[in-house]
Amino acid sequence: MKIDVKTLQIKLENEEIMLLDVREASEYEGGHVEGAVNAPLSSLDANQLSYPKDEPIYVICRSGNRSAQAASQLQDAGYTEIYDVSGGMMAWESIE
């Protein structure tokens, strides 16, 4: 499922969520959403994540391409509630 950055912002303000930033470490270090966990797509193994498969998981990247790929991997690994952040960090930075 897609989620826009405004909805993500509201979620972050009101609840604890699992947010995966699937950009490379150097991109993540250059700025990221507070509380996001860096899990680069290039080394992501969705089967190795120690997170409940029936809990919501949010995925963000720079523009939305890698997060869509990561969401697909997560779905294939059995995760049932995956939210792909539309527009990624580019959209996130435009609301701050």
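This is a predicted model: local features need pLDDT of at least 70, side-chain atom pairs count only at pLDDT 80 or more; totals for chains, interfaces and linings use all residues.
Helices α1 and α4 are roughly perpendicular to each other, a label that covers angles of 65 to 115 degrees, whereas under 35 counts as roughly parallel, over 145 as roughly antiparallel and the rest as oblique. Helix α1 spans residues 5–14 and helix α4 residues 88–95; they pack at an angle of about 70 degrees, with their axes 9 Å apart. The axes are lines fitted to C-alpha atoms, for helices over the stretch in contact, and angles run from 0 to 180 degrees between N-to-C directions. Helices here are DSSP runs of H or I with at least four residues, strands are runs of E with at least two, and both are numbered from the N terminus.

Residues are numbered from 1 along each chain as its sequence is written, and side-chain values use heavy atoms, with hydrogens and water left out.

Which residues of α1 and α4 meet? From α1 come Val5, Lys6, Leu8, Gln9 and Leu12, and from α4 come Gly88, Ala91, Trp92 and Ile95, contact meaning heavy atoms within 4.5 Å. By type, these residues divide into six nonpolar, two polar and one charged. In this scheme Ala, Val, Leu, Ile, Met, Phe, Trp, Tyr, Cys and Pro are nonpolar, Asp, Glu, Lys and Arg are charged, and the others, Gly among them, are polar.

I turn now to the sheet. Five strands form an open sheet with parallel pairing, in the order β1-β5-β4-β2-β3; two strands pair if DSSP finds at least two bridges between them. At the edges are β1 (2–3) and β3 (37–38), each pairing on one side only. Helix α3, residues 65–76, packs on the sheet and touches β2 (18–21), β4 and β5, and its direction makes about 175 degrees with that of β5.

Consider strand β4, residues 57–60, which is joined to the parallel strand β5, residues 82–85, by three bridges. Its pairing with β2 is also parallel, over four bridges. Tyr58 of β4 is the bridge partner of Leu19 and stands opposite Tyr83 in β5. Val59, in turn, stands opposite Asp84 in β5.

Are the residues on the two faces of β4 buried or exposed? Ile57 and Val59 on one side, and Tyr58 and Ile60 on the other, are all buried, that is, under 20% relative accessible area, where exposed is over 50% and partly exposed in between (1.4 Å probe, protein chains only). In β5, Ile82 and Asp84 point one way and Tyr83 and Val85 the other, and all are buried.

The largest nonpolar core has 16 residues, and those with the most contacts inside it include Leu20, Val59 and Ala70. Such a core is a set of buried Ala, Val, Leu, Ile, Met, Phe, Trp, Tyr and Cys residues joined through side-chain atoms within 4.5 Å. Its largest share, three residues, comes from α3. Apart from it lies another core, of 15 residues, among them Ile3, Tyr83, Ala91 and Trp92.

Finally, Leu44 lies in the loop between β3 and β4. Leu44 is buried, with a relative accessible area of 12%. Leaving aside neighbours within four places in sequence, Leu44 is in contact with Ala39, Ala70 and Gln73.
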